Amino acid sequence: MKTLVINLERETARLAHMRRVFGEQGLDFEVVKAVDAKLLSPEQLKAGRTGKPRFYELGAGEIACFLSHRKCWEIAAKSEDAYTIVCEDDIFLGENAAAIFGDDGWIPEGAGVVRLEACRPRSLICNAPSAKIGERGVHALFRAHAGAGAYIISRKFAGKLTHDTHAFDDPVDQFLFNRERLLEPGCGVFQLVPAVAIQEYFLKPAASLELGSTLRGERREKRRSGIEKLRRELLRPIEQLIRTVWWAAGRLFSDRLWIRVPFR
């Protein structure tokens, strides 16, 4: 499988980080030049603000990020390989990543996307793995949250996404892993457990971040404010109680499991 790493040309420290992380495990990658938010055309900005967004109107950084991933999907759709790995340039790799990045024989038949990364929010997965590689399971994914830092995409699914995204209105991670997408027949989205990749933001405390993220600041600016923010804070304890009961019930009565995907 070919590995594509999205990197903005001026972010030389991030590229050096990726070369170090991959080099430690004897892996290489191809750099895909990221779309620069500062150079977006009016047509590109319009393409990322079409329709009714699930969360908020995308800023220039989010649009550029989405278009950068779309460049990778275009490459994957034309590749001779059945699967392609897509990574952002702020990830760390876990144990024995070479076994996962170097062979696609472990990927379940019909998989469109296999999520390789861990993040803090919980994900809803199938209790039983569809496949295994070493001590890691490959579980069907039913609900997920933020993060498109590392994933495998099939040639067929990459072609579909490229076709479907001439216009878009959500961040790329929410587009890939929203509930409707995960329940779409024939989509085939899976989660590797334990995950073999993690973004710096989810791995380190805020005071220790070295690579940073412009998108985090952009997302914070788009969040609710005023009365809407107060309403959200008042409802938070109720939502947490409902989630706790839901997670517990899922463990007892369902073949699905809410977990915080570990990184190893």
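## Charged side chains in a predicted model

### Salt bridges

Side chains of opposite charge can pair when their charged atoms come close. With a salt bridge taken as a side-chain nitrogen of Lys or Arg within 4 Å of a carboxyl oxygen of Asp or Glu, the count comes to 10 salt bridges. The table lists pairs that are among them.

| Pair | N to O distance |
|---|---|
| Lysine 33 and glutamate 9 | 3.3 Å |
| Aspartate 89 and arginine 14 | 2.5 Å |
| Aspartate 164 and lysine 160 | 2.8 Å |

In the salt bridge between lysine 33 and glutamate 9, the two residues are 24 residues apart and belong to distant parts of the chain, with lysine 33 in strand β2 (residues 30-33) and glutamate 9 in the loop between β1 (2-7) and α1 (12-23). Lysine 33 is partly exposed, because its relative accessibility is 48%, whereas glutamate 9, with a relative accessible area of 58%, is exposed.

Aspartate 89 and arginine 14 also form a salt bridge, in which the closest N and O atoms are 2.5 Å apart. Because aspartate 89 lies in the loop between β3 (83-88) and β4 (91-93) while arginine 14 belongs to helix α1, this pair ties together parts that are 75 residues apart in sequence. Both aspartate 89 and arginine 14 are buried, a class that requires a relative accessible area under 20%.

Aspartate 164 and lysine 160 are 4 residues apart in helix α5 (residues 155-164), so about one helical turn separates them. A relative accessibility of 33% makes aspartate 164 partly exposed, and lysine 160, at 33% relative accessibility, is likewise partly exposed.

Beyond these pairs, salt bridges also link Glu95, Glu135 and Arg264 in a network.

Terms used:
Residues numbered from 1 in each chain as written. Predicted model: local features only at pLDDT ≥ 70, side-chain atom pairs only at ≥ 80, totals over all residues. Heavy atoms only, no water. Buried < 20%, exposed > 50% of the residue type's maximum accessible area, 1.4 Å probe, protein only.
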